[in-house]
Structures are given as structure tokens and as C-alpha cells.
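Let us take a walk through this model together, starting with the overall outline and ending with single residues. Please keep the sequence and the 3D view open as you read.

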Amino acid sequence: MSRWSKVLTGTLVVAAIGVAAYYAVTTFQEKKALADEAANNIQAELDNLDPVTRAAVVAKLGQAMADRALTLVDADFVAT
């Protein structure tokens, strides 16, 4: 392979890595913005609830998250 071919190949590889990195960062930023918007919407909905209903919803969500965490731990334990 000539020196020119090596330089061109290296340049193309670096350019491809740059494009892939840009795409990954852009995709991450879009997904983060979407997640932040969803979290803000949920928080706004919770803020609009009366205190008793809010406590019940938060407790139910907390229990669902705890159950999910236990499921993931159990699955990981079985897999190892």
C-alpha cells in the first residue's frame, strides 16, 4: 500500500469515527431531552394532585420500582 493510500485510509477512518461520534452525541441529547420532558410532565401531574392521592401514587410507583429492581437482581443471580 502506498503512503498516499495509507493517509487516505487513515483520514477516512478518522472521518467515519467523527461522524459516528456526532451521531451518538446527537442521539443521546435527543433522548435526554425527551426523558427530561417526560420527567417534567410527570412532576407537573404529581404537583396537581391532592396530597393524599399524591402519596398513594408515589408509594405505588416506589413499590413498582422496588419490584422491578428485585426482578432484575433475581434474573442476574440466576444468570450467574
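Accessible areas here come from the Shrake-Rupley method with a 1.4 Å probe. On that basis the protein chain exposes about 7000 Å², and carbon and sulfur atoms supply 69% of that area. Please keep in mind that this is a predicted model.

How many helices and strands does the protein chain have? There are two helices and zero strands. The radius of gyration of the chain is 24 Å, whereas the globule rule gives 12 Å for 80 residues, so the chain is more spread out than a compact globule. The box filled by the C-alpha atoms tells you about the outline too: along the principal axes, its sides are roughly 75 × 40 × 5 Å. As for burial, a residue counts as buried when its relative accessible area is under 20%, and buried residues make up 1% of the 80 residues in the chain.

Now follow helix H1, which covers residues 3-47. Valine 7 has its place in this helix, and with a relative accessible area of 42% it is partly exposed. Valine 7 also belongs to a nonpolar patch on the surface, formed with Trp4, Leu8 and Leu12. Together, the four residues of the patch have about 440 Å² of accessible area.

Lysine 32 counts as partly exposed at 42% relative accessibility, and aspartate 36 counts as partly exposed at 36%.

Asparagine 41 is in helix H1 as well. Its relative accessible area is 45%, which makes asparagine 41 partly exposed.

Next comes helix H2, made of residues 51-79. Proline 51 is found in this helix. Is proline 51 buried or exposed? It is exposed, with a relative accessible area of 68%. From proline 51 to leucine 72 there are 21 residues in sequence and 31 Å in space, C-alpha to C-alpha.

Let us finish with the charges. The side chains of arginine 54 and aspartate 47 meet in a salt bridge, again with 2.9 Å from N to O. Arginine 54 is partly exposed at a relative accessible area of 29%, and aspartate 47 counts as partly exposed at 47%. How many salt bridges does a search of the whole structure find? The search finds two. Across the protein chain there are 7 positive and 9 negative side chains, and the centres of these two sets lie 16 Å apart.

Note on methods
Residues are numbered from 1 along each chain as its sequence is written. This is a predicted model: local features need pLDDT of at least 70, side-chain atom pairs count only at pLDDT 80 or more; totals for chains, interfaces and linings use all residues. Side-chain values use heavy atoms; hydrogens and water are left out. Helices (H or I, at least four residues) and strands (E, at least two) are DSSP runs, numbered from the N terminus. The radius of gyration is taken over C-alpha atoms; the globule rule is 2.2 Å times the number of residues to the power 0.38. Buried means under 20% relative accessible area, exposed over 50%, partly exposed in between (1.4 Å probe, protein chains only). Lys and Arg count as positive and Asp and Glu as negative; His and the chain ends are not counted. The place of a charge is taken as NZ of Lys, CZ of Arg, CG of Asp or CD of Glu. Patches are made of residues with over 30% relative accessible area and no salt bridge: like charges are joined within 9 Å, nonpolar side chains (Val, Leu, Ile, Met, Phe, Trp, Tyr) within 5 Å.
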